[in-house]
Amino acid sequence: PVGAGGGGGGANAAGTRAPASPGAPGGAGGAGIASSISGTPVTYAGGGGGGADTAGGATTVGAGGAGGGGAGGIDGNSPLAAVDGQAATGGGGGGSGDSNITSGAGGSGIVIVRYSTSAADQVFSFANSGQVTIPEGFTKMEYLIVGGGGQGGGHVAPDKAGGGGGAGGFRSGTGWPVSAGEVYTISVGGGGGSTVVGSVNG
């Protein structure tokens, strides 16, 4: 069998299917979701792009989805390695090309919490695990949680490229009740590792 890899799903959209024909380009990763919790708009949790099938002369890989998704890979005369998902976005890794091209690793996740009053704003961003203690004067919290992205798929047979990795889970909310002195333990997920053939769990 021959074929390109489809794009991995993003938090806001599914990945694009690759055309079912020899030499097809990889499918694009699905788009993520934008958040301004940090004070600046940032898009998180984009899907990885699929690898291209060079058997029919394809030269275009699947683009990574907005939100840190990595682009797919391609081999042949002008090989390109698949791209890792961006760290601290939960982006999926790009799928490998249709031969011995390593897939992209998934991007690590992130947790951001924000407390607001009429007089002050406090934002804490965690790219690694840690703890946060609720300060005096704050009773509600806004949060953003993004899981680690999935690795891109490795090629499963000659001339059959890997699909893009799915984005990490995305959850956000406002108005979470908190009390001064409460301690929250934050655990941030890592992305799935890269591979050449088949797939490995993240």
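## Sheet, pocket and a buried residue

Four strands form an open sheet in the order E4-E3-E6-E7, and their pairing is antiparallel. The edge strands, each pairing on one side only, are E4 and E7. Strands are DSSP runs of E with at least two residues, numbered from the N terminus; two of them pair if DSSP finds at least two bridges between them. E6 and E7 run antiparallel and are joined by six bridges. Ile145 stands opposite Arg171 in E7.

The model is predicted: local features need pLDDT of at least 70 and side-chain atom pairs count only at pLDDT 80 or more, while totals for chains, interfaces and linings use all residues. Residues are numbered from 1 along each chain as its sequence is written, and side-chain values use heavy atoms, leaving out hydrogens and water.

| Strand | Residues |
|---|---|
| E3 | 110–116 |
| E4 | 121–126 |
| E6 | 140–146 |
| E7 | 170–177 |

Ala45 lies in the loop between strand E2 (42–44) and E3. Ala45 counts as buried because its relative accessibility is 0%, buried meaning under 20% relative accessible area (1.4 Å probe, protein chains only). Beyond its neighbours within four places in sequence, Ala45 has contacts that include Gly10, Thr89, Val146 and Phe170, a contact being heavy atoms within 4.5 Å. Between Ala45 and Gly69 the C-alpha to C-alpha distance is 7.2 Å, with 24 residues separating them in sequence.

Strands E3, E6 and E8 (183–186) each supply at least two residues of the lining of the largest pocket. A pocket is an open set of points on a 1 Å grid over the protein atoms alone, where a 1.4 Å probe fits, with protein on both sides within 12 Å along at least five of seven lines; lining residues have an atom within 4 Å of a point. Among the lining residues are Val111, Tyr143, Ile145 and Trp176.

Notes: Buried < 20%, exposed > 50% of the residue type's maximum accessible area, 1.4 Å probe, protein only.
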